[in-house]
Amino acid sequence: MGGPGVADSETPDVAGVIAAALEERELSYERPEPARFVVTLPGTKKLQTICWLIIGEHALRVEAFVCRQPDENREQLWSYLLQHNSRMYGVAYSIDSVGDIYLVGRLALHAVTADEIDRVLGSVLTYADEHFNTMLEIGFGSSIRREWDWRVSRGESLANLAAFADFAQRPASEGTPRRNSGAESEDTATDS
């Protein structure tokens with residue numbers, strides 16, 4: 001049914017709370033298994049973030065893919081993300097074995113309430129969305145600049161690169177900017 005680590009005895013109550021919270025907030029979700037929810041969170045910079053809510057024996061696991069492994073500046077990007085972890089609510093940045101970036105967290109099953117689901121999903125959305133462009137600039141800056149230059153040289157549309165206009169036109173020697181520290185976003189995530 002739910003595989004190893006999924007407790008059938010805990011699933012109905014927690015699953016019911018999660019389903020009701022998602023429906024009340026009109027969030028799009030699928031339920032591929034009784035103890036697993038796949039929630040689609042709409043964003044602005046990162047257009048959507050897919051978040052898994054997995055009910056285990058003792059905890060609810062939260063996992064959201066944020067960005068594939070960076071092409072360059074891995075250590076700089078990971079340092080940027082780790083600096084945010086200490087100020088984040090409910091989830092933290094993590095990487096998998098190939099370097100893809102995720103937000104992950106755990107909630108004790110007794111702590112799963114509609115309000116807590118709302119706060120944690122708000123955190124996932126806030127962190128994935130607000131840090132996304134900076135992650136791309138650090139980890140994929142050369143590709144962004146090449147694409148920008150290629151489009152400019154051919155008179156192609158720059159519409160879907162508009163968020164990177166300042167970055168793409170700045171000389172690479174000036175480095176990747178450190179956008180907001182994220183302190184403001186950590187505070188607002190808990191108010192979701």
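Colleague: Asn 73 first: how exposed is Asn 73?
Modeller: Asn 73 counts as partly exposed, at 35% relative accessibility. Partly exposed is the range between buried, under 20% relative accessible area, and exposed, over 50% (1.4 Å probe, protein chains only). Keep in mind that this is a predicted model, where local features need pLDDT of at least 70 and side-chain atom pairs count only at pLDDT 80 or more, while totals for chains, interfaces and linings use all residues. Residues are numbered from 1 along each chain as its sequence is written, and side-chain values use heavy atoms, leaving out hydrogens and water.

Colleague: Where does Asn 73 sit?
Modeller: In the loop between S4 and H2. Asn 73 has a positive phi of about 55°, although it is not a glycine. Most residues other than glycine have a negative phi.

Colleague: And Glu 26, what's its phi?
Modeller: Positive, about 55°, and Glu 26 isn't a glycine either. Glu 26 lies in the loop between H1 and strand S1 (28-33) and is exposed, with a relative accessible area of 72%.

Colleague: OK, zooming out. How many helices and strands does the protein have?
Modeller: Six helices and six strands, in the order α-β-β-β-β-α-β-β-α-α-α-α along the sequence. They are DSSP runs numbered from the N terminus: helices are H or I with at least four residues, strands E with at least two.

Colleague: How does S4 pair up with S3 and S6?
Modeller: S3 (residues 48-55) and S4 (residues 59-67) run antiparallel, joined by five bridges, and they form a hairpin with three residues between them. Trp 52 stands opposite Glu 63 there. S4 also pairs with S6 (residues 101-108) in the antiparallel sense, over eight bridges, with Ala 64 opposite Leu 103. Pairing takes at least two DSSP bridges between the strands.

Colleague: Which residues touch the most other members of the largest nonpolar core?
Modeller: Ile 18, Phe 37, Leu 53, Ile 55, Leu 60, Tyr 93 and Leu 103, out of 43 residues in that core. Elements that each supply at least two residues include H1 (11-24), S2 (36-42), S3, S4 and H2 (74-85). A nonpolar core here is a set of buried Ala, Val, Leu, Ile, Met, Phe, Trp, Tyr and Cys residues joined through side-chain atoms within 4.5 Å.

Colleague: What is Leu 60 in contact with?
Modeller: Leaving aside neighbours within four places in sequence, its contacts include Ile 18, Leu 53, Gly 105, Leu 109, Val 112 and Ile 117. Contact means heavy atoms within 4.5 Å.

Colleague: Switching to the helices: what span does H3 have?
Modeller: H3 has 17 residues and reaches 24 Å from its first C-alpha to its last, close to the 24 Å expected at 1.5 Å a residue. The expected span is 1.5 Å times one less than the number of residues. Its buried residues include Ile 117, Val 120, Leu 121, Val 124 and Tyr 127.

Colleague: And how far apart are the ends of H4?
Modeller: Only 27 Å between the end C-alpha atoms, for 23 residues, short of the 33 Å a straight helix would reach. H4 has a kink of about 95°, centred on Phe 140. That bend is the angle between axes fitted to the seven residues ending there and the seven starting there.

Colleague: What comes just after H4?
Modeller: Gly 155, with a positive phi of about 70°.
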